[in-house]
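Hi there,

I'm handing over the structure we talked about, and you'll find it just below. My notes on what turned up in it follow.

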Amino acid sequence: MKTRALALPFAAAILLALTACRSVSQSPSVELFNGRDLTGWTPVLADPAVKPETVWSVKDGVLVCTGTPIGFIYSGQTVTNFRFVVEYRWPPGSKPGNSGIFSRIHEPLKALPATVETQLQHGNAGDVLTLQGMKIAASQPRYFFVSKHALGGDICGVKKTADKEKTGGEWNRVEILAAGDRYTVWMNGEKINEVTGVEVCAGFIGLQSEGGEVHFRRATLTPM
């Protein structure tokens, strides 16, 4: 009888703890792009004399970036652990170019800030890299390092495992899961990268302007 009396409260305590963990592990999803304008986004450009609206605009529900000058727009919410889903394409009839998804952006805010980037550059879409000396563990497959890049500083990265990008003006769906020091990336429903030892810090989510026109039509953030 004593054993049962102790077991029931113990089981109830575990159930309560598990329920509490589930309830705080994930916050409601937020649509960062409203499909109408750039409300909630702040631009950072290499040339501050350039008007942001000449680089970033919204046309027919699509967020359009001209790609020049380099820089990014970022949302006002800081997150450390999150799930982020974004859809992008290269303009129909154009040559695929370069862009990226920034996360854990922190100051100083400049055209290429300290950040974790999920690469969208054609041919390398799905690579994960860090800029301005942020760390990624070197002891893993597909790791690379660039020392003292002219704009990005020291760059650490891990190459994707497969090329799943669509071109020819088709939309691509990218999903990023950041959980502690681990980043996982899916492209069009297939896992193409898993990276460990990523520097952990809170920061902004951003979309990059880097040399070529690119379109976005979704930006769903779920803080974890």
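A definition to begin with: two strands are said to pair if DSSP finds at least two bridges between them. By that rule, strand S9 (residues 128-130) pairs with strand S11 (residues 153-158) in the antiparallel sense, over three bridges. Val128 stands opposite Val158 in S11.

Before going further, please keep in mind that this is a predicted model. The mean pLDDT of the protein chain is 90, and 89% of its residues reach 70 or more. Residues 1-24 have a pLDDT below 50, and beyond near neighbours in sequence this stretch has one contact in the model.

Now to the sheet. S9 and S11 belong to an open sheet of eight strands, with antiparallel pairing and the order S2-S5-S15-S7-S8-S9-S11-S10. Which strands stand at the edges? They are strand S2 (41-45) and S10; each has a single partner strand, so one side of each is left without a neighbour in the sheet. From one strand to the next, the twist averages 25°.

Strand S12 (residues 172-179) pairs with strand S13 (residues 182-187) over six bridges, in the antiparallel sense. Across this pairing, Ala178 has Tyr183 in S13 as its bridge partner.

Two elements give two or more residues to the lining, strand S8 (114-119) and strand S10 (143-149). Of these, S10 gives the most, with three residues; this is the S10 that stands at an edge of the sheet. What kinds of residue make up the lining of the largest pocket? Six are nonpolar, seven are polar and four are charged.

Happy to go through any of this with you.

Best wishes

Notes:
Residues are numbered from 1 along each chain as its sequence is written. This is a predicted model: local features need pLDDT of at least 70, side-chain atom pairs count only at pLDDT 80 or more; totals for chains, interfaces and linings use all residues. Side-chain values use heavy atoms; hydrogens and water are left out. Helices (H or I, at least four residues) and strands (E, at least two) are DSSP runs, numbered from the N terminus. Ala, Val, Leu, Ile, Met, Phe, Trp, Tyr, Cys and Pro count as nonpolar, Asp, Glu, Lys and Arg as charged, and the others, Gly among them, as polar. Axes are lines fitted to C-alpha atoms, for helices over the stretch in contact, and angles run from 0 to 180 degrees between N-to-C directions. pLDDT is the predictor's confidence in each residue, from 0 to 100. Contact means heavy atoms within 4.5 Å.
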